[in-house]
Amino acid sequence: MRDTVVLYPSLGVSHLLPMVELSGLFLRRGLAVTFVVVEPPAASTDASYRVARAAEANPSIHFHVLPLPPPDTTVSPELPRDPFALFRLANAPLRDYLRSVSPSAASMRALVFDFFCIDALDVAAELGVPAYLFYTSGACSLAVSLHLPHKQAEVSASFGDIGDAPLCFPGVPPFIPTDLPENALDRDNKVYRKILYTFERVPACHGILVNTFEWLEAKAVAAIREGACVPGRATPPVYCVGPLVSGGGEAKKHECLSWLDAQPEKSVVFFCFGSMGSFSKRQLEAIATGLEMSGQRFLWVVRSPRRDGASLYADDGHQPPEPDLGELLPEGFLERTKARGLVAKSWAPQADVLRHRATGAFVTHCGWNSVLEGITAGVPLLCWPLYAEQRLNKVFMVEEARVGVEMAGYDREVVTAEEVEAKVRWVMDSEDGRALRARVMVAKEKAVEAVQQGGTSHNALVELLADLGFDECGTH
């Protein structure tokens with residue numbers, strides 16, 4: 001068996017795709033890569049599709065789908081919607097599979113896993129294989145997550161009950177409690193308790209890989225490396241190996257790219273809110289009205305509103321139907337704006353759109369993959385966070401990196417049409433908007449430098465390979 005790195009992602013698209021990009025770093029240096037993917041729950045049609053598509057698009061990676069034993073619902077009745085319980089259940093079949101393909105740990109050089117898979121630490125220890133966390137979000141989010149158990153013990157109350165006084169965490173700008181993920185506002189929330197448990201275990205990892213580059217998040221990276229985020233315990237080595245972003249280049253050219261070809265350079269505002277971002281009919285109408293009032297060119301990806309009671313966080317197998325634009329948007333909107341706007345149903349090739357010469361700004365939910373795609377394309381961000389760590393990402397992008405501006409009202413029921421109009425005009429037409437664009441272009445250049453020979457991310461990968469016993473070319 002060739003020297004192999006085993007990658008063990010969770011099922012969400014925002015976790016799976018960066019792990020696929022990470023695999024390329026190892027493959028290009030001569031190492032074999034095995035992807036071990038837990039069999040998606042029966043209801044999770046989107047996860048099944050994503051896994052199948054990733055396997056088809058990456059023939060040089062060996063994919064193994066790990067079948068799960070029947071869940072013990074007396075232990076975790078939330079299965080399959082509890083990812084922590086799902087991956088804990090996977091420990092036994094994971095161990096058995098790794099033993100079967102590599103009876104000796106000598107050829108299996110590392111197990112790299114997502115934070116939902118933290119209990120795979122036990123499997124790695126049993127097999128004598130170095131275990132690494134791959135953190136698919138940024139260093140600021142990681143700094144907060146690592147310090148959260150300490151801060152929670154210090155506060156000794158639910159963050160949701162302590163008011164709006166700013167919280168100070170090492171290496172990150174101050175933020176208010178409601179900028180934390182929603183589950184973290186209640187210290188007795190079951191998911192939050194599992195998150196605390198997860199990050200209490202992270203220091204036991206052999207190292208931490210982060211999808212970022214040092215120039216972008218220098219303060220957070222320094223705070224983590226100096227041990228400020230985990231007082232009293234040694235912090236594992238941190239390897240900033242990003243930005244790892246989609247290469248784009250869909251096999252079939254999407255119609256929106258042909259439409260962009262006909263638009264002037266940097267003239268189009270791109271509205272896209274990730275694989276799970278959707279809005280109420282009322283919010284969609286406000287966006288449409290604001291866009292129409294702004295007079296700006298736009299490309300807008302519209303998804304159908306989620307059904308009542310559907311979780312924004314979990315893939316519960318429910319795929320929203322194709323949006324009925326005539327029913328969801330104001331009467332006559334599509335006709336009135338057809339000369340300067342295009343509405344795409346459900347999906348657009350985001351990486352390709354952002355890199356297109358006509359794209360001038362990006363209205364984003366601040367998912368980390370989207371943030372990095374925007375920065376590496378040199379496109380300024382209009383920040384409209386929705387869930388998970390996205391509010392923390394917004395704080396960092398707006399207040400420290402200064403590559404984005406907040407869409408005010410995102411934390412209320414509806415962002416008004418007037419705010420949409422004002423921010424779109426601001427980013428496209430004002431002097432401040434042009435200054436924002438210039439700062440993003442500097443960040444783009446620094447991202448390119450980071451991954452080139454001698455750059456910080458390139459050097460971090462060399463250090464990681466050395467830690468695994470290889471030189472830069474992947475040889476002993």
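Is Ala47 buried or exposed, and at what relative accessibility? In this predicted model, Ala47 counts as buried, at 2% relative accessibility, and the views that follow begin with this residue.

View A. Ala47 is found in helix 2, which covers residues 45–57. Because a residue under 20% relative accessible area is termed buried, the 2% computed for Ala47 places this residue in the buried class. Along the sequence Ala47 and Leu11 are 36 residues apart, whereas in space their C-alpha atoms are 5.9 Å apart.

**View B. His15 and the residues it touches.** Helix 1, residues 13–27, holds His15, and the relative accessible area of this histidine is 13%, so His15 is buried. When residues up to four places away in sequence are not counted, His15 touches Pro9, Ser10, Asp114, Phe115, Phe116 and Thr136.

View C. The chain is divided into domain 1, which takes in residues 4–246 + 450–468, and domain 2, which takes in residues 255–448. Their contact takes 37 residues from domain 1 and 33 residues from domain 2. Taken over C-alpha atoms, the centres of domain 1 and domain 2 are separated by 27 Å.

**View D. The largest cavity.** A search of the whole structure finds 2 cavities of 30 Å³ or more, and the largest cavity has a volume of about 70 Å³. Its lining is made up of Cys272, Phe273, Gly274, Gly277, Ser278, Phe279, Leu284, Trp300, Val301, Val302 and Arg303. By class, the residues of this lining divide into 7 nonpolar, 3 polar and 1 charged. Which strand gives the most to the lining of the largest cavity? Strand 9, residues 297–302, does so, with 3 residues.

View E. Helix 6 (139–155) and helix 15 (390–399) each supply at least two residues of the lining, and the largest share, 3 residues, comes from helix 15. Domain 1 and domain 2 each provide at least three residues of the lining of this second largest cavity.

**View F. Helix 16 and its cover.** Helix 16 runs over residues 417–429, and its 13 residues, at 1.5 Å a residue, should span 18 Å; the C-alpha atoms at its ends are 18 Å apart, which agrees with that expectation. The buried residues of this helix are Ala417, Glu419, Val420, Glu421, Lys423, Val424, Val427 and Met428. What covers these buried residues includes strand 8 (268–271), strand 11 (359–364), strand 12 (381–383) and strand 13 (404–406), together with helix 10 (281–294) and helix 17 (431–451).

**View G. Ser156 and Ser158 in one loop.** Ser156 lies in the loop between helix 6 and helix 7 (190–201), and Ser158 lies in the loop between helix 6 and helix 7 as well. Ser156 has a positive phi of about 50° although it is not a glycine, and with a relative accessible area of 47% this residue is partly exposed. Ser158, by contrast, counts as buried, at 9% relative accessibility. The C-alpha atoms of Ser158 and Asp186 are separated by 4.9 Å, although the two residues are 28 residues apart along the chain. Leaving out residues up to four places away in sequence, Ser158 touches Leu185, Asp186 and Arg187.

View H. Most residues other than glycine have a negative phi, and most peptide bonds are trans. Cys366, which is not a glycine, has a positive phi of about 70°; this cysteine has its place in the loop between strand 11 and helix 14 (368–377), and its relative accessible area of 0% makes Cys366 buried. The peptide bond from Gly242 to Pro243 is cis, with omega near 5°, and Pro243 is found in the loop between strand 7 (238–240) and helix 9 (255–261).

Note on methods:
Residues are numbered from 1 along each chain as its sequence is written. This is a predicted model: local features need pLDDT of at least 70, side-chain atom pairs count only at pLDDT 80 or more; totals for chains, interfaces and linings use all residues. Side-chain values use heavy atoms; hydrogens and water are left out. On a 1 Å grid over the protein atoms alone, a cavity is a set of points where a 1.4 Å probe fits but cannot get out, and a pocket is an open set with protein on both sides within 12 Å along at least five of seven lines; lining residues have an atom within 4 Å of a point. Grid points are joined across faces, edges and corners, and a volume is the space filled by probe spheres set on the points. Helices (H or I, at least four residues) and strands (E, at least two) are DSSP runs, numbered from the N terminus. Ala, Val, Leu, Ile, Met, Phe, Trp, Tyr, Cys and Pro count as nonpolar, Asp, Glu, Lys and Arg as charged, and the others, Gly among them, as polar. Domain bounds come from an automatic or database domain assignment. The expected span of a helix is 1.5 Å times one less than its number of residues. Buried means under 20% relative accessible area, exposed over 50%, partly exposed in between (1.4 Å probe, protein chains only). Contact means heavy atoms within 4.5 Å.
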